[in-house]
Amino acid sequence: MKFSSTITIQYDTPFSPFPARDCHQALDWLRDSGFDGAEVCISHYRGLDVKDFKKELDLRGLSCSNISTGQARTLEHITLLHEGVALRQAKTRLKEHIDAAKILGCKVTLGLIRGLGTPGHEQEEKAAIARNLEEIICYAQEKQVMIILEAINRYETTLFTSAESCMNFIEKDLGNPDCVAVHWDLFHANIEDSRLDEAIDRMGSKLQHVHLADSNRHFPGYGHLDFEAVFRKLKAVGYQEYCSFECFNLPSPEAVKAQAGPFIRKMRQQF
């Protein structure tokens, strides 16, 4: 099992204890705290040299777990549920993410860049996303890059809110391609998946990334989730991919920075 944490290199995010301007400090913190890699937020590729960023990771002995892609929806309003120019831009951006992931040796998260969805229109919107993903999946297969579909709770989207709904979409709507798997976030799962152990069993080998955040989206230990039970189950099923911190900077950025390393060491010692 490997550990990463969200950092950002372009725009600030509440999920990183460092602002974008302090990206190198964030990488130093990951190295010094015992992380294996970085989960990096990338909105666009204007002025970004991915190979240079890879060198910064290599200098610190770090890998990249995945590229977080949601900033483009928020900042540029492009998704797979748009039409015309916005849809073409979303597809192009996802291909750029796949190109970057090939260089970084990581996965690409398919989060809210897929679109928020509209209540009552879920079936037609899933069909539209599946249709618009066809060329993206082909491109990912060609590049040998994995796309991980993130389950996000019902208060943020109407689509793919649980482990079950992600698996159904991958298996039935997408035809179960090898290059598409599930990105499972414990904050969202606490809302949507009634039994976390059963959700892990349902995803099986399709579980390829886990986000760590407590029930209130604080740092682990400040809500009511039983992280030891989750890690025990992950170990039991042979999970060997990344567990990545994506929690708000609560109770404070300083607490996140100070407590991440001890949390990682404790989980490694126990599991």
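The legends below describe close-up views of a predicted model. Local features need pLDDT of at least 70 and side-chain atom pairs count only at pLDDT 80 or more, whereas totals for chains, interfaces and linings use all residues. Residues are numbered from 1 along each chain as its sequence is written, and side-chain values use heavy atoms, with hydrogens and water left out.

**View 1. Strand S3 and its burial.** Strand S3 spans residues 63-68, strands (E, at least two residues) and helices (H or I, at least four) being DSSP runs numbered from the N terminus. Five of its six residues are buried, so S3 is largely enclosed by the rest of the structure; buried means under 20% relative accessible area with a 1.4 Å probe, protein chains only.

**View 2. Strand partners of S3.** Strand S2 (residues 37-41) runs parallel to S3 and is joined to it by five bridges, with Gly37 standing opposite Ser63. Strand S4 (residues 107-110) also pairs with S3 in the parallel sense, over two bridges, and Lys107 of S4 is the bridge partner of Asn66; pairing requires that DSSP finds at least two bridges between the strands.

**View 3. The helices H8 and H9.** The axes of H8 (residues 196-203) and H9 (residues 227-236), which are lines fitted to C-alpha atoms over the stretch in contact, come within 10 Å and cross at roughly 25°. The two helices are therefore roughly parallel to each other, a term for angles under 35 degrees on a scale from 0 to 180 degrees between N-to-C directions. Leu196, Asp197, Ile200 and Asp201 of H8 make the contact with Val230, Lys233 and Leu234 of H9, where contact means heavy atoms within 4.5 Å.

Technical notes. Buried means under 20% relative accessible area, exposed over 50%, partly exposed in between (1.4 Å probe, protein chains only). Angles under 35 degrees count as roughly parallel, over 145 as roughly antiparallel, 65 to 115 as roughly perpendicular and the rest as oblique.
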